Amino acid sequence: MKLFKTLAVSAAVALASTSGAATAGTLQDVQARGELNCVVTTGVAGFGAPDDSGRWAGFDVDFCRATAAAVLGDPNKVKFVPTTGKTRFTVLNSGEGDLLYRNTTITMSRDADLKLSFLGVNYYDGQGFMVPKALGVTSAKELDGASVCIQTGTTTELNLADYFRANNMNYEPVTIETNEEGQTNYLAGRCDVYTTDASGLASTRSTFDNPNAHIILPEIISKEPLGPAVRQGDDEWADVTRWVLNVLIAAEEAGITQANIKGHAAKAGNNPDINRIAGTEGDFGSMIGLDKQWAVRAISAVGNYGEIFERNIGVNTSLGLARGLNAQWTNGGILYSPPVR
Amino acid sequence: MAATETSSGSNPSIFYRLFFDKELRSVTIQVITMALICAFFFFIVNNAITNLETIGKGYSFNFLWDASNYDINQTLIEYDSRSPHWRAAIVGIINTLLVAVAGIILSTIVGFLLGVLRLSSNWLINRVVYVYIEYVRNVPVLLHILLVHGIVVNTLPIPKNALMAFDGTLFLTNRGFYTPKPLFEPAMWAVLIAFVIGIGFTIWFKGYAKKIQDATGKIYPVLLISLGAIILFPIIVFFLAGVPVNLEYPELKGFNFKGGLVLRPEFVALWIALSLYTAAFIAEIVRAGIQAISHGQTEAAFALGIKPSRTMQLVIIPQALRVIIPPLSSQYLNITKNSSLAIAIGYMDIVATIGGISLNQTGREMECMTIVLAIYLAFSLIISAFMNWYNKRMKLVER
């Protein structure tokens, strides 16, 4: 009798636990947890890498911190989940990560087939090739028969195959999993060419002992709009994260900086655009489930888009990237945020 | 509770007996456990399918016919970036088979050698092999693979400064080991036929020599004559036919060598690392097998006047094989499965193609992983079946 009772009860418990709890939205989950799980790369200098003390820093990392500041009030309440090209989407889709900021190209198949929701573009990039100067190559069309180091699971892999086939050239693909592996193989001479997004090339080159011994060839063979992503199906969370990205770009356009945001938030001024972002006019925060100071927290944590760019990957850093396409539309680039109103 | 509960006079109900009659109770418990296990698996599979359907992914293998859009550096069959995913899977399977078979052969040879050396009475050889085996066995195989690959890629020169041998026919670089490729002319068929004739002759001759030995005690040098038939005879025919082979030499054109046969550093690193790792385990198995044979067998053989080499061949090894073969088949399975670490150094095996790049680009994790699991299961079952057959052949036939 006792044995029967134990078996019956355990079976009932097992079946009952299968019903599962109803899932709340991601915004509520993050606020309840008190920490934002951000899916990032394993280490790309300038974009997302842990520094010597283990603290994460970089272009994409700063956007994560801005989101955490807007949603949780503290830019340090972020848990960074490093992923490879292979694991990034699975980690996001399984719920281990809430938000992905990982130099990820927006493509149709990723958006529709992989069930992701892209929130916008935070860096307009393109794929390029890096070769040692000693090879004497000046154009990508001279690379017939070369060995090319290529990261698996990326759009660069597909673009590489297309480019070489279209130009009737052969190549030997040397597949690598991470950026670090690629650097080792490239420097050891296992491959002649390293290919990835031009920003990634600049970042990799900046970590070499002798960056000037390597050149990035002029051909940019693809469009690589890099942007953040969340899971499909949670529109509320997508709105929150999309508008954090947009407001950082809009802030630069309106002239709001990390230094002057607190001043703007204290007193309404003459510029309605600045007032709306600083929360002194209207209540846009409540539209996405946050309070009036959402943008103030984000901007005072990391600054506007231009400040994030210059701090991590700008011309004065070791990557030395010019704004180029990533300048504001009023400044010759194509960065164009919808208005906060 | 006491043994049987049918103490009271009246016949107890079937429900009572299901749980209190000792034999029936054990059956009942087994049935309930089976039901729980089945329910559990059903729940898991159902959960997965429901979740996949909820996020709109479904479970279908149609993606296998889409173009793969990526290139593979080592392909033993025709393949380019317009080939479908199933062709990429086949390329991966062939690469896995290649490194598994090559690894099994090399590790068996090295393992048996090390095992016998470990039993040597020479103190230095004994100790050196002991240290080697302990080091290799205690370091995870992934580290071995990375180490060998690192050595190959970093110490060998780039193609421009290639190490040359035999006046420009063999080249050693960190992109690969290049040898001339033999192109066979039609006359090569004669050599092939001679080879087959040699094998046929050897099989017949072995039977004939045994018959003569049983009848008259005269021992023919079977090994020498077999070698002569299988190797020497085709070589003679080869030269008589006018050396019907052309060599395609590897030449440095631009970035890399073109032409000839190439052994890529990824394949070589994986092969050597896996073989040396498994050879250490096989060495211990061989040592255990040989030491399991009581020394009385050797002494008795010597007492009968059988030479030491003949003793090893006819008395010790056949008995030792019975002890060696079962654990040996586990090691062969290990090599096959450890080859899945290939992706760590960029060798395109089944896990790297269909389970890696295809999985990532199409987003079909469940289907790709199912394929990879099924392939490894098939390999393992084939190897096990073969080893079991071989084991049966070697078994001690008792009366």
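## A two-chain predicted model

Chain B splits into domain 1 (14-54) and domain 2 (88-163 + 264-394), with the bounds coming from an automatic or database domain assignment. Between the C-alpha centres of domain 1 of chain B and domain 2 of chain B there are 41 Å.

A word on the ground rules. This is a predicted model, where local features need pLDDT of at least 70 and side-chain atom pairs count only at pLDDT 80 or more, while totals for chains, interfaces and linings use all residues. Residues are numbered from 1 along each chain as its sequence is written, and chains are lettered from A and ligands numbered from 1 in the order in which they are written.

As for confidence, pLDDT is the predictor's own figure for each residue, from 0 to 100. Chain A averages 89, and 93% of the residues score at least 70. Residues 16-23 of chain A are another story: the pLDDT there is below 50, and beyond near neighbours in sequence the stretch has one contact in the model. Two residues are in contact if their C-beta atoms, placed from the backbone, lie within 7 Å.

Now for where the chains meet. Chain B puts in 33 residues and chain A 32 residues. On the chain B side, α2 (22-54), α5 (141-155), β7 (256-258) and α11 (350-362) each supply at least two residues, and α11(B) gives the most, with five residues. Helices (H or I, at least four residues) and strands (E, at least two) are DSSP runs, numbered from the N terminus.

| Strand | Partner | Bridges | Direction |
|---|---|---|---|
| β2(B), residues 170-173 | β3(B), residues 176-179 | three | antiparallel |
| β3(B) | β8(B), residues 261-263 | three | antiparallel |

A hairpin takes β2(B) into β3(B) through two residues, and B:Leu172 sits opposite B:Phe177 in β3(B). Over in β8(B), B:Leu261 is the bridge partner of B:Thr179.

Finally, a look at one residue in chain A. A:Val240 belongs to helix α9 (residues 235-254) of chain A. Why does A:Val240 count as buried? Because A:Val240 has 26 C-beta neighbours inside 10 Å, and the cut-off for buried is 20 or more other C-beta atoms within 10 Å, against 12 or fewer for exposed and partly exposed in between, with C-beta atoms placed from the backbone. Leaving aside neighbours within four places in sequence, A:Val240 is in contact with A:Leu27, A:Val71, A:Ile288, A:Gly289 and A:Leu290. The C-alpha atoms of A:Val240 and A:Gly285 are 9.0 Å apart, though 45 residues separate the two along the chain.

Terms used: Two strands pair if DSSP finds at least two bridges between them.
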